[in-house]
Amino acid sequence: MDKTVETIAGDTPGLTYSFPVYRFAGRRRGAPRAYLQAALHGDELPGTVALDRLMERLRQADAEGRIAGPITVVPAANPIGRSQELFGAAQGRFHLGTRTNFNRDFPLLSKPDIDLLPVPEIPESADQRLKRRLLELSIGADIVLDLHCDDEGLPYLYAPSALWPAMSDCAAALGVEAVVLWDGPGGGAFEEAAIHPYLQSAAAGAGLERRVVTTVEYRGVLDVDAELASRDGEGLYRLLAGRGVVDDPQIGPAGAYAKPVVPIGHVEMVATPVAGAVLYAAKPGDQVAAGELLATVVHAPGEPDGRLEIRAPQAGFVLTRRSVRVLPAGANLLKLAGVARSADARSGVLED
Ligand SMILES: [Zn+2]
């Protein structure tokens with residue numbers, strides 16, 4: 001295993017960010033290449049601790065000569081976002097300098113060739129330099145995993161529909177409870193940038209069946225837990241073994257994936273029209289009928305009509321909900337994976 005430290009220049013004198021990159025050399029020509037990163041949103045750490053567990057397995061496989069394809073692991077991909085501690089709270093989703101989501105505005109290349117990365121006409125900001133470098137590190141990999149988490153949620157994949165069902169072994173190996181399939185422009189999310197070059201040349205045979213590109217949502221931001229980390233690290237190892245990146249005769253086929261697969265247009269982003277205290281009546285994983293109570297928002301406490309009931313717009317199951325219980329008007333309360341297309345269907349991405 002080889003460790004290097006990447007440095008990203010900050011936007012002010014004297015400021016530099018750094019993050020380690022671990023590389024395992026592949027020993028078999030033609031074996032698939034894998035790239036795994038976590039915490040692109042700087043404070044989402046379930047994937048980071050899963051990679052910590054995976055690395056132990058990979059070091060052992062390396063010592064035993066069982067790494068078949070090259071593997072790059074970036075356990076903490078965003079030192080900029082991680083550094084944004086404000087008033088006791090981590091702010092790892094948006095870059096404070098540009099107000100841009102760290103998982104948007106990645107360059108979309110027409111071919112998987114880093115020489116095609118545009119030369120910046122004006123000096124880039126630190127978050128743009130970071131995105132450029134992460135894309136460079138991942139380009140050319142057959143398996144690209146971007147490990148995130150939601151507020152509170154089920155473990156689920158967010159994957160390009162062009163790779164489904166060829167990628168269902170990934171969902172089975174990782175043991176996720178749902179898969180959301182997206183189409184259309186995704187605002188330059190990392191995952192979109194990773195698959196975009198291959199979708200451009202799909203007609204010419206881009207080997208899509210060979211690719212795994214997905215955002216893994218490892219439950220909620222508080223699900224940083226030793227037992228879950230071990231389970232998720234083992235799931236990642238199972239995927240790498242199943243796809244022939246690691247040789248391990250102990251790991252059998254992933255088996256069929258039998259959990260829900262939901263088109264992005266079926267996901268209801270249920271919002272509250274009023275500000276208030278949120279009393280949830282449903283949690284991630286709950287099946288609900290159309291019209292069933294999801295939450296009560298207490299917007300005028302003490303008044304007879306001071307409570308607003310928010311009900312399910314259609315039948316489905318709760319995919320995620322917020323981790324806070326105080327929300328402003330218009331804020332999303334939860335994601336409901338519906339059985340039918342939403343009247344407010346989205347494509348590409350679900351939220352800012
Ligand atoms: Zn995220």
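1. Two strands are taken as paired if DSSP finds at least two bridges between them. On that basis this predicted model contains an open sheet of nine strands, in the order 1-2-4-3-7-11-9-10-12 and with mixed pairing. Strand 1 (2–9) and strand 12 (261–263) form the edges, each pairing on one side only. From one strand to the next the twist averages 20 degrees.

2. Helix 6 (residues 226–242) lies across strand 3, strand 4, strand 7 and strand 11, at about 170 degrees to strand 11.

3. The zinc ion has protein donors from His41 (ND1), Glu44 (OE), Glu44 (OE) and His148 (ND1), at 2.1 to 2.7 Å. Along the chain these donors follow the spacing H-x2-E-x103-H. The two histidines link distant parts of the chain: His41 belongs to the loop between strand 3 and helix 1, His148 to strand 7, and 107 residues separate them. Both His41 and His148 are buried.

4. On the geometry of the site: the four donor atoms subtend angles of 52 to 146 degrees around the zinc ion, so the arrangement is irregular. A tetrahedral assignment would need all angles to lie between 85 and 135 degrees.

Methods. Residues are numbered from 1 along each chain as its sequence is written. This is a predicted model: local features need pLDDT of at least 70, side-chain atom pairs count only at pLDDT 80 or more; totals for chains, interfaces and linings use all residues. Side-chain values use heavy atoms; hydrogens and water are left out. Helices (H or I, at least four residues) and strands (E, at least two) are DSSP runs, numbered from the N terminus. Axes are lines fitted to C-alpha atoms, for helices over the stretch in contact, and angles run from 0 to 180 degrees between N-to-C directions. Contact means heavy atoms within 4.5 Å. Donors are N, O and S atoms within 2.8 Å of the metal (3.2 Å for Na, K and Ca); water is not among the atoms, so sites may look incomplete. Four donors count as tetrahedral if all angles lie between 85 and 135 degrees; four count as square planar and six as octahedral if opposite donors are over 155 degrees apart and all others between 65 and 115; anything else is irregular. Buried means under 20% relative accessible area, exposed over 50%, partly exposed in between (1.4 Å probe, protein chains only).
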